[in-house]
Amino acid sequence: MVDVKDLANKAQELHRKGLKPFEIGDELHLSVDTVNYLLEEGAEGLLPPSDVKIGWRSIGVSPRRVSLIAQVLADIVAEELKNRNEVVDAVAGIAINGVPFASEMARILNAELTVYRPPAERTGSGGAFSSNYATPRGKKIVIVDDVLSTGHAMECAIDDTLKAEGTPLLCIVMVNKSSLNELKGVPLRGMIRARSIGGTILGGGPLRSFAYK
């Protein structure tokens with residue numbers, strides 16, 4: 001069981017440092033609705049939203065473990081693209097957490113590495129591909145992130161890939177917290193699917209679910 005008090009304290013600490021709810025959600029692997037609840041209600045609220053807290057620090061502290069997970073993700077990508085008779089030109093990692101996996105996956109798949117920075121605001125625009133890495137222009141792209149909650153960052157990456165005249169072939173994540181199998185017509189694959197199906201993961205009590213896609 002996740003300690004909601006500890007989670008609320010972490011969310012509020014990040015908020016005081018200037019992070020926006022969308023950025024806090026990325027850092028804590030929570031939906032924006034859950035972050036807003038934690039910021040507004042703290043640990044005193046009685047009915048926190050239904051959500052699943054994902055933590056993978058035991059992977060992130062070890063380059064070897066990151067590489068092993070990336071191998072699994074790359075194998076899923078290779079299977080998917082083989083079934084569709086497609087070849088990937090570049091792997092785009094969504095900053096920050098998707099980049100380490102994308103880097104190793106690009107090596108395994110013999111593709112270029114692209115880094116995408118999503119917009120800071122949940123409903124805003126302004127995402128961009130880093131000029132220090134491969135351009136998506138004219139390339140078939142696999143988009144990688146660690147955890148998918150609302151899908152907003154991934155959808156922005158798809159939109160900006162198309163604007164840059166690239167072709168998004170596949171989206172892949174380590175953990176998919178939604179019921180989605182595609183985003184904007186682009187297939188979505190996850191190594192693990194994690195969803196709350198009864199009560200609330202954050203505190204017991206009656207279910208108060210926000211709309212999940």
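Which exposed residues sit on the face of α1 turned away from its buried side? They are K5 and R16. Exposed means over 50% relative accessible area, buried under 20%, and partly exposed in between (1.4 Å probe, protein chains only).

## About the model

This is a predicted model, in which local features need pLDDT of at least 70 and side-chain atom pairs count only at pLDDT 80 or more, while totals for chains, interfaces and linings use all residues. Residues are numbered from 1 along each chain as its sequence is written, and side-chain values use heavy atoms, with hydrogens and water left out.

## The whole protein

The protein has 7 helices and 7 strands. These are DSSP runs, numbered from the N terminus: helices are H or I with at least four residues, strands are E with at least two. Their order from the N terminus is α-α-α-α-α-β-α-β-β-β-α-β-β-β.

Of the 213 residues, 48% count as buried. Take the contacts (heavy atoms within 4.5 Å) between residues at least 6 apart in sequence: 63% of them join residues at least 24 apart.

## Helix α1

Helix α1 covers residues 4-16, 13 residues in total. From first C-alpha to last it reaches 18 Å, close to the 18 Å expected at 1.5 Å a residue. That expected span is 1.5 Å times one less than the number of residues.

V4, L7, A8, A11 and L14 of α1 are buried. Seen down the axis, the buried residues of α1 fall within an arc of 130°, so they line one face of the helix. The arc is taken from the directions from the helix axis to the C-beta atoms. The cover over these buried residues includes α2 (21-28) and α3 (32-41). Just after α1, G18 has a positive phi of about 100°.
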